[in-house]
Amino acid sequence: MMIPNWPKGQPIDESCWSDKEFCKRNEHFYCISKTEAESKAWEYVKKNGLDMVTVCPSIIIGPMLQSSMNASSLFLIKLLKEGIEEMANNQRGAVDVRNVADAILLAYEKPEAEGRYICSAYRARMEELIDQLKTMYPNYNYPKKVKEGEDQPTLCCEKLEKLGWKYMTLEESLREKLPGEGYLALRYMCLACYMRPLKGLLV
């Protein structure tokens with residue numbers, strides 16, 4: 001979520017939304033499109049008396065179903081193969097795609113599930129991610145230098161964990177084969193939206 005000037009040390013929970021005006025000013029169109037989509041969905045279900053649950057993941061990593069790379073997956077290839085001179089040591093939330101699938105099933109099947117659910121397993125800095133990848137896949141051309149980066153607020157997943165959600169470690173997520181040896185997904189997914197009238201499903 002993009003919320004400027006968020007108080008340091010205060011977690012982000014399901015009551016928080018990205019700042020639409022900030023996203024517009026800074027041309028974060030992908031983020032604002034997801035925010036608008038979820039907002040409109042909530043307006044619609046409240047107006048029509050439907051039962052909806054939303055799952056909002058952070059950056060998603062893990063195996064892909066397709067053999068071709070999507071646009072955001074190319075970031076990982078760039079990280080591994082292009083020998084970037086310098087990269088900011090930014091901190092990001094991430095979750096494995098298989099754990100997102102688990103969260104979706106819980107949100108759909110559990111009768112007590114309601115409202116929004118943040119889905120993020122761990123926070124990692126770029127330096128930590130690079131070091132972890134180096135131990136498993138040492139023969140890639142990693143960035144040569146990591147400079148000081150930005151912190152992100154903690155994403156609170158307590159509500160989802162109360163449904164019984166569990167997640168794997170970062171190392172387990174990265175244990176998939178990488179480009180050239182297979183594929184590892186790195187995708188942005190800001191919203192999975194599910195309506196449950198008469199056990200129906202709308203994605």
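Is Lys-144 buried or exposed? I looked it up in this predicted model: Lys-144 is exposed, with a relative accessible area of 53%. Its salt-bridge partner is Glu-85, with the closest N and O atoms 3.8 Å apart. Lys-144 sits in the loop between α5 (126-136) and β7 (145-148), and Glu-85 in the loop between α3 (74-81) and β3 (86-89), so the pair ties together parts that are 59 residues apart in sequence. Glu-85 counts as exposed too, at 54% relative accessibility.

Next entry, Glu-86. I find a salt bridge from Glu-86 to Lys-147, with 4.0 Å between the closest N and O atoms. Glu-86 belongs to strand β3 and Lys-147 to strand β7, so this pair ties together parts 61 residues apart in sequence. Glu-86 is partly exposed at 37% relative accessibility, and Lys-147 is partly exposed with a relative accessible area of 40%. I also note a network of salt bridges that links Glu-86, Lys-145 and Lys-147.

One more pair: the side chains of Lys-20 and Glu-36 meet in a salt bridge at 3.4 Å, N to O. Lys-20 is in helix α1 (residues 20-25) and Glu-36 in helix α2 (residues 29-48), so parts 16 residues apart in sequence are tied together. Lys-20 is partly exposed at 29%, as is Glu-36 at 27%. My tally of salt bridges comes to ten.

Now the core. The largest nonpolar core has 40 residues, and Cys-119, Leu-133 and Trp-165 touch the most other members. Helix α4 (residues 97-109) gives this core its largest share, six residues. I listed contacts of Cys-119, leaving aside neighbours within four places in sequence: among them are Val-55, Cys-56, Pro-57, Val-95, Ala-103, Leu-160 and Trp-165.

Then strand β6 (residues 122-125). Which residues form its covered face? Tyr-122 and Ala-124 do, while Arg-123 and Arg-125 make up the uncovered one. Side chains in a regular strand alternate between the two faces of the sheet. Strand β4 (residues 91-96) pairs with β6 in the antiparallel sense over four bridges, and Arg-92 stands opposite Ala-124.

Last, the whole chain. I count seven helices and nine strands, and 41% of the 203 residues count as buried. Of the contacts with a separation of 6 or more, 81% join residues 24 or more positions apart. The chain exposes about 11,500 Å², and carbon and sulfur atoms supply 52% of that.

Definitions and conventions:
Residues numbered from 1 in each chain as written. Predicted model: local features only at pLDDT ≥ 70, side-chain atom pairs only at ≥ 80, totals over all residues. Heavy atoms only, no water. Core = buried A, V, L, I, M, F, W, Y, C linked by side-chain atoms within 4.5 Å. Buried < 20%, exposed > 50% of the residue type's maximum accessible area, 1.4 Å probe, protein only. Helix = DSSP H or I, 4+ residues; strand = E, 2+ residues; numbered from the N terminus. Contact = heavy atoms within 4.5 Å. Areas by Shrake-Rupley, 256 points an atom, 1.4 Å probe, with all protein chains shown as cover. Pairing = 2+ DSSP bridges.
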